[in-house]
Amino acid sequence: MAVEMSKDLRSGALVYHRQPKPGKLEVVATKPLGNQRDLALAYSPGVAAACEAIVDNPAEAAELTARQNLVAVISNGTAVLGLGDIGPLAAKPVMEGKAVLFKKFAGIDVFDIEVAQKDVAKLVDVIAALEPTFGGINLEDIKAPECFEVEAMCRERMAIPVFHDDQHGTAIIVAAAILNAVALAGKDLATVKLVTSGAGAAALACLNLLVSLGIRRENIFVTDIEGVVYKGRETLMDRWKAVYAQETPARTLAEVITGADIFLGLSAAGVLKPELLKRMADKPLVMALANPNPEIMPELALEARPDAMICTGRSDYPNQVNNVLCFPYIFRGALDVQATTINEAMKLAAVRAIADLAREAPSDVVARAYGGEARNFGPESLIPSPFDPRLILRIAPAVARAAMETGVARAPIADFPAYEERLGRFVFRSGFIMRPIFRAARENPKRVIYAEGEDERCLRAAQTAIEEGIAVPILVGRPNVVETRLKRFGLSIRPGRDFELVNPEDDPRYRDYVQTYLEIAGRKGVTPDGARTLVRTNTTTIAAIAVRRGDADAMICGLEGRFQSRLRMIRDVIGLEPGVKELAAMSLMITSKGAFFLADTHVHEDPDAAQLVEIAMRAARAVRRFGIEPRIALVSHSDFGSHDGASARKMREAARRLAEAAPEFEVDGEMQADTALSEIIRQRVLPHSRLTGEANVLLMPNLDAANIAYQLTKVLADALPVGPILLGTAFPAHILPPSTTARGVVNMTALAVVEAQGRG
């Protein structure tokens, strides 16, 4: 069975998996190996000391090896996504993807293991034999009913957590949504009637967990492809399904749906007809979780029952049931206490943590991350968003506590506040930092004009912007060139239908644009002939005038040509924000250790103290758009007065002025880079620093230092750069370096849209 997707998405996915190297994972050493002594410590003879220590005390493996932060994602490929039994080799891309989610959201390392074995006993033998390698096992995409047997047998034989995410991950999110929906409807969990469509692994796991929460078994009616699961039925029955067999004459979904408070669909598209929905009780909860098309589309459900609360598995509707809401954080909590299992109490703790988080008022950080539009608890916000940064801070400690309380924790946590503080470092890691920006952009897409509209990267970015709903693209380019390249790259978007095309050789607004440019630059040595030539040939000029005139809300340029020439054009045509004296540039560097903002990486050659204060203030405002509280370090070769050169004095003075002008920000300096990034070093040098934790905004003394740091971080730290982000323009405008990828253009598009939203 093939999964439906556009030709562009299929092609893009294959390129994504092939380049720049095959697959989505690599193994990275965590210890240096730069000399003979390192080799002696890492391997023979030094490694023998670690081996002997583990022989004496097996618990030492948690401290001497990577085992306690290592999970195996294991599948035999018998039930992969919507593809079915495609085998273990074809399942590998999915398992690699799962590994990436573990790493990105919770910092957990993963080996994906695809096993060519369908026999339950033999598969269990393989998995159980792996116990010395791993701290936990995540079973994935194993078909029912075998998955129940595999998990049960592994749990019995192994002294580490074994968790089948297809069952329990879905069950935990479903249970959290049901807890909140029942509360909103003013109903009692013990009396609600629940009807399912589907009786596979996920559905039965949901029911088992809901019974643990308090839903009564006699109020649960299960239906599958054969109809109602009733006592005495023999077709398509097994011992797990038989637990929910009812003594009833009803044989169809239509016969049992009347008066139901909850519909739980884990089956197929279109199963729940509007006329059936109308028979449900007041304020029904409809969990239509079939993917990609649910049992009933939300708009159709609301038309039939305006009082319904609706959850789907889709990201384009509220209340998305997404397993990423819980599995990374459940394992995080289990691993951190060296749990021997993931038991019912730990799963219920995760349910309540998720449900409680949905009821919390959005924090300032979350509200900013959602562009100020974060939903409060209600029918459209029964469960948190999958990228709510507080998930790890709520779920992992709750799971760890439950493990300790039920006696399955081998290494109980003594200081929970300190533990929760350590978890905070996972909140905004790697590409995760851009997710709030994309979410905010989707809420109110703006018109973004691409000056280099003929460039392949802009064409691909425009396609992605349309698919993801983050912007309304406008491309500057010659129609014949754009059409030819769209076809060459296999892109489906077309001018006039999907995006506006500004033809520099023949645009009806040409004379108006020339006139606008003369009004702006006529007293700066630009003649009418010069203006006509620029507006016909310089795409940056065209894009800037479009923004200035209100024909676009933001612009992206710079993929071809020099930064400084484009900077002058933007400064002259778009102008500066009120109160701003000069533009500045900040670059976001997304590294394996977190996100860092460097300024000024592209504009000011040697800013004075007053300019540094202005740059820092604008940078801090921009950082807050990401939902991050800025912690600013003014970086120098000097460490709190250790040198007294002109540059050190400048940074010292800027830090003083900034602390006075913006006491709400954490800021300090002058300090060396390692002092800025390590609180331990900073406490040694200056115990009473105004800066806490790790600085995330590094303000450099001059352009040389900033740009060198930017380029070195890209290469040596394998950082993903976003930007540079141009600060201080009257309207959003950004100049990207020629090395920017198509994804980099997409990132800046989303950011430009969010900026435009904030400017009305």
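This is a predicted model: local features need pLDDT of at least 70, side-chain atom pairs count only at pLDDT 80 or more; totals for chains, interfaces and linings use all residues.
Biologist: How many salt bridges are found in the whole structure?

Modeller: A salt bridge requires a side-chain nitrogen of Lys or Arg within 4 Å of a carboxyl oxygen of Asp or Glu. A search of the whole structure on this basis gives a total of 41.

Biologist: Which residue forms a salt bridge with aspartate 261, and where does that residue lie?

Modeller: The closest N and O atoms of the pair are 2.8 Å apart. The pair links distant parts of the chain, 74 residues apart, with aspartate 261 in the loop between α11 and β8.

Biologist: Is lysine 241, which meets aspartate 224 in a salt bridge, buried or exposed?

Modeller: The side chains of lysine 241 and aspartate 224 meet with a distance of 2.9 Å from N to O. The pair joins helix α10, which holds lysine 241, to strand β6, which holds aspartate 224. Aspartate 224 has a relative accessible area of 17% and is buried. Lysine 241 has a relative accessible area of 7%, so it is buried.

Biologist: What is the distance between the closest N and O atoms of arginine 494 and glutamate 483?

Modeller: These two residues form a salt bridge. It links the loop between α21 and β13, where arginine 494 lies, to helix α21, where glutamate 483 lies. Arginine 494 is partly exposed at 22%, and glutamate 483 is partly exposed at 27%. The closest N and O atoms are apart by 3.8 Å.

Biologist: Glutamate 295 is buried yet has no salt bridge; which backbone nitrogen does its side chain reach?

Modeller: Glutamate 295 is found in the loop between β9 and α13. The nearest side chain of opposite charge, that of arginine 314, is 10 Å away, and a salt bridge needs atoms within 4 Å. Among the residues that glutamate 295 touches are Phe263, Leu266 and Val271. At 2.7 Å, its side chain reaches the backbone nitrogen of serine 267.

Biologist: Why are the buried residues of helix α25 said to be on the same side, and what arc do they cover?

Modeller: The buried residues are Phe563, Arg566, Leu567, Met569, Ile570 and Val573. An α-helix has 3.6 residues a turn, so residues three or four places apart point the same way. The buried residues of α25 pack against α22, α24, β14, β20 and β21. They are on the same side of α25 because they cover an arc around the axis of only 165°.

Biologist: How many disulfides does the structure hold?

Modeller: A disulfide is a covalent bond between the sulfur atoms of two cysteines. The cysteine sulfur closest to that of cysteine 147 belongs to cysteine 154, and at 12 Å it is too far for a bond. Cysteine 147 counts as buried at 1% relative accessibility, and cysteine 154 counts as buried at 0%. The number of disulfides in the structure is zero.

Biologist: What is the distance between the C-alpha atoms of threonine 133 and arginine 67?

Modeller: Threonine 133 has its place in the loop between α6 and β3 and is partly exposed, with a relative accessible area of 36%. It touches Arg67 and Leu70, leaving aside residues up to four places away in sequence. Although threonine 133 and arginine 67 are 66 residues apart along the chain, their C-alpha atoms are separated by 6.0 Å.

Biologist: What phi does lysine 283 have?

Modeller: Lysine 283 is found in the loop between α12 and β9, and at 42% relative accessibility it counts as partly exposed. It is not a glycine, although its phi is positive, at about 50°.

Note on methods. Residues are numbered from 1 along each chain as its sequence is written. Side-chain values use heavy atoms; hydrogens and water are left out. Helices (H or I, at least four residues) and strands (E, at least two) are DSSP runs, numbered from the N terminus. Buried means under 20% relative accessible area, exposed over 50%, partly exposed in between (1.4 Å probe, protein chains only). Lys and Arg count as positive and Asp and Glu as negative; His and the chain ends are not counted. A polar contact is a pair of N or O atoms within 3.5 Å; within protein, one must be able to donate a hydrogen and the other to accept it, and residues adjacent in sequence count only if both atoms are side-chain atoms. Contact means heavy atoms within 4.5 Å. The arc is that of the directions from the helix axis to the C-beta atoms. A disulfide is a pair of cysteine sulfur atoms within 2.5 Å.
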